[in-house]
Amino acid sequence: MGRVSLLGVFGAHGARRALLRLPEGERLMIAPGALVHGWRVAQIEEKAVILVRGGKSLRLLTPQ
């Protein structure tokens, strides 16, 4: 998926949002169900985002 990185996760369980940095340098606030470069946001956890596409999944972790 290129160089998409997870900058942070915000909000309480059930209302979480995440901030991503896209390959172009743009920042994007996402919620579950959003599409990012053809990947659907399946879940936003306390320190990770799960993206799915065509039976594959990708887990982005927050920086340490």
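A nonpolar core is here a set of buried Ala, Val, Leu, Ile, Met, Phe, Trp, Tyr and Cys residues joined through side-chain atoms within 4.5 Å, where buried means under 20% relative accessible area, exposed over 50%, and partly exposed in between (1.4 Å probe, protein chains only). The model is predicted, so that local features need pLDDT of at least 70 and side-chain atom pairs count only at pLDDT 80 or more, whereas totals for chains, interfaces and linings use all residues. Residues are numbered from 1 along each chain as its sequence is written, and side-chain values use heavy atoms, with hydrogens and water left out.

**Exercise 1.** Determine which residues have the most contacts inside the largest nonpolar core, and which elements give two or more residues to this core.

*Solution.* Start with the core itself, which has 14 residues, those with the most contacts inside it being L6, A18, L20, I30, V41 and V49. Next, assign the contributions to strands (E, DSSP runs of at least two residues, numbered from the N terminus): β1 (5-10), β2 (17-21), β5 and β6 (48-53) each give two or more residues, and β5 gives the most, with three.

**Exercise 2.** Describe the order and pairing of the open sheet of three strands.

*Solution.* The order is β1-β2-β3, with antiparallel pairing, where two strands pair if DSSP finds at least two bridges between them. Because β1 and β3 (27-30) stand at the edges with a single partner strand each, one side of each is left without a neighbour in the sheet. Finally, β2 and β3 pair over four bridges, and L19 stands opposite M29 in β3.
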